[in-house]
Structure formats: C-alpha cells, structure tokens
Amino acid sequence: MGMKKKLAGLMALSMMAFGVMAGCGGAQDSGAQAEGGTLRMGTNATFPPYESVDENNNVVGIDADIAQTVADKLGMKLEIINMEFDALIPALNAKQLDFAMAGMTASPERAEQVDFTTPYATGIQAIIVPEDSQIVAIEDLKDKKVGVQTGTTGDKYCSDDLGEEHVQRFESGVVATQALVNGQIDAVVIDNEPAKAYVEANEGLKILDTQYTVEDYAAAIAKDNTEMYDKINGALEELKADGTIDKIIAQYIHE
C-alpha cells in the first residue's frame, strides 16, 4: 500500500467535528427560517469527501460546496452547523436547521420524517475488512461482528440483515475503522468514498469488490417547510441540469 499513513489525522478531524461550524464559532439555537438572508445547513463532518473538517476547523467537501452554490443562487449567506448524524433529522423538525446535507440516503424510513429533494449524488455502501480476512462476500458477514456509524443506512441494513447482536455502533466511520484495526470487530459497512479514505489512512485493510447496496443522496428538509423545500429543490435541480453539481463531485471523486 506504500508508505504507512496514520489514522490519527482522520481521528482528529472526527473529534474536532462536533460543535464546529464552517466559518462560525458555534451553533445557534433560534429558529432557522433563513432569517436575515442566512441559510442554515446541518451536517456531520466525518464523511470525506462529502464533508470533513479542515485545519482551520471549517467544514469542507462535496456537500459544503454544493450548499454554497445553492446559497449563492438564492442570494443568501450559508452557515454550516456540524452535529452528530442521528441528530440531524430532529434538528430539522425542531426548526434549528433549514436543510441537511450529510451524504444522507433518501430512504423510505427517513422520508416519513422529512422531505427529500431530488437526488444530487449516488453512493455505494462498501465493506471494509482486514487484508487477511476470510470475508469475501456479503453472505460471509453472517455470525460476524460488523461496525457501523450510528443512524446511517449501513446501520439499518446490517441490523435488519444480520441482527442487532452482530452490529456494533460507533459515533463515526473513523472510530468504527479504528475498532476494526484493533481487532474488536470483523468488518465495517459504510459509504464507499469515506471507506477509501479510511483504508488509505491505515495499512492492512481493504474494500471488498462486492457492494452492499447502491443508494441516492439528497438534501433533507422539514415536512412543513414547503417554501424552503421549493427554493432548495429548485436550486439543486438547476445546478444538476447545468452540470455544476457534477463538476463539484468530479473535483473530489476521480473515477
């Protein structure tokens, strides 16, 4: 795999992520209905290349860039609020956010709680295992201990398919991968793009050729926030149609 790289860097990003906002000092608790021309986006910045925290504690990545183009198109200022992934939907429904972008799959279960925009990207749930693992296919995960990030679709898929007793939840993919390195679990199921970053950061791991599932990513908005939905969905559709979103994604993901 070449020179050994430390997982500590990603771990540090994960630890810095919570409570950090891009270009801001902390989250605000007041209602988020784009007051004063500010568009508040919630995310969980432990999911590179969609969102992570840079050396200046700013949230960067695909979702941050797309959200900025949406804000620009709407003539608004963007404010990114970083929080735990499973807190995003409650924060939307509590009017603490205008929308959320966090590599979030538009699943039927989540669609019962929030409205999703037109999908802007496609994600693949991948399986990370040690290089010497006997796990070569999804079927081999049965009776194994699988790590997931709490509240993600990987969490749901594995819990449903393997049973709760075979799933161990972690606050981020970084921490789950560290548990795999330490031999606490047998595999990690998470989106393919962050999986690449986690494997690159640590020797002795690999991503299986098989895909757990393929899914669409979309922005989430509270169900009763129709005006905001129309604005953000309309902007995303225009940015997708004119190629802007594909150009942003291509800057981070090279096929």
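At what angle do helix H2 (residues 62-74) and H8 pack, and how far apart are their axes? Keep that question in mind for the second view below. The structure is a predicted model, in which local features need pLDDT of at least 70 and side-chain atom pairs count only at pLDDT 80 or more, while totals for chains, interfaces and linings use all residues. Residues are numbered from 1 along each chain as its sequence is written, and side-chain values use heavy atoms, with hydrogens and water left out.

**View 1. The whole chain.** The chain has nine helices and 14 strands; helices (H or I, at least four residues) and strands (E, at least two) are DSSP runs, numbered from the N terminus. Of its 255 residues, 51% are buried, where buried means under 20% relative accessible area, exposed over 50% and partly exposed in between (1.4 Å probe, protein chains only). Among contacts with a separation of 6 or more, 73% come from residues 24 or more positions apart; contact means heavy atoms within 4.5 Å.

**View 2. Helix H2 against helix H8.** Here is the reply to the opening question: H2 and H8 pack at about 110°, with their axes 10 Å apart. Axes are lines fitted to C-alpha atoms, for helices over the stretch in contact, and angles run from 0 to 180 degrees between N-to-C directions. The two helices are therefore roughly perpendicular, given that angles under 35 degrees count as roughly parallel, over 145 as roughly antiparallel, 65 to 115 as roughly perpendicular and the rest as oblique. Look for Ile66, Thr69, Val70, Lys73 and Leu74 of H2, which meet Lys231, Ala235, Leu236, Glu238 and Leu239 of H8. This contact has six nonpolar, one polar and three charged residues; Ala, Val, Leu, Ile, Met, Phe, Trp, Tyr, Cys and Pro count as nonpolar, Asp, Glu, Lys and Arg as charged, and the others, Gly among them, as polar.

**View 3. Helix H8 against helix H9.** H8 (residues 226-241) packs on H9 (residues 244-252) at an angle of about 75°, their axes being 4 Å apart. That makes H8 roughly perpendicular to H9. On the H8 side are Leu236, Leu239 and Lys240, and they meet Thr244, Ile245 and Asp246 in H9.

View 4. You will find one cavity of 30 Å³ or more. On a 1 Å grid over the protein atoms alone, a cavity is a set of points where a 1.4 Å probe fits but cannot get out, and lining residues have an atom within 4 Å of a point. The largest cavity has a volume of about 110 Å³, with grid points joined across faces, edges and corners and the volume being the space filled by probe spheres set on the points. Its lining comprises 17 residues, with Phe47, Phe85, Gly103, Gln125 and Thr152 nearest the centre. Helix H5 (153-162), strand S11 (187-191) and strand S13 (213-217) each give at least two residues to this lining.

**View 5. Helix H5 and its surroundings.** In H5, the buried residues are Thr153, Gly154, Asp155, Cys158, Ser159 and Leu162. Their packing partners include helix H4 (108-111), strand S8 (121-130) and strand S9 (146-149). Gly163 follows H5 and has a positive phi, near 95°.

**View 6. Backbone details in loops.** A cis peptide bond, with omega about 5°, joins Pro48 and Pro49. Pro49 sits in the loop between strand S2 (38-43) and strand S3 (52-53). Asp143, although not a glycine, has a positive phi of about 70°, and its loop runs between S8 and S9. Asp143 is exposed, with a relative accessible area of 65%.

Methods: 1 Å grid on protein atoms, 1.4 Å probe; cavity = no way out; pocket = protein on both sides within 12 Å on 5 of 7 lines; lining within 4 Å.
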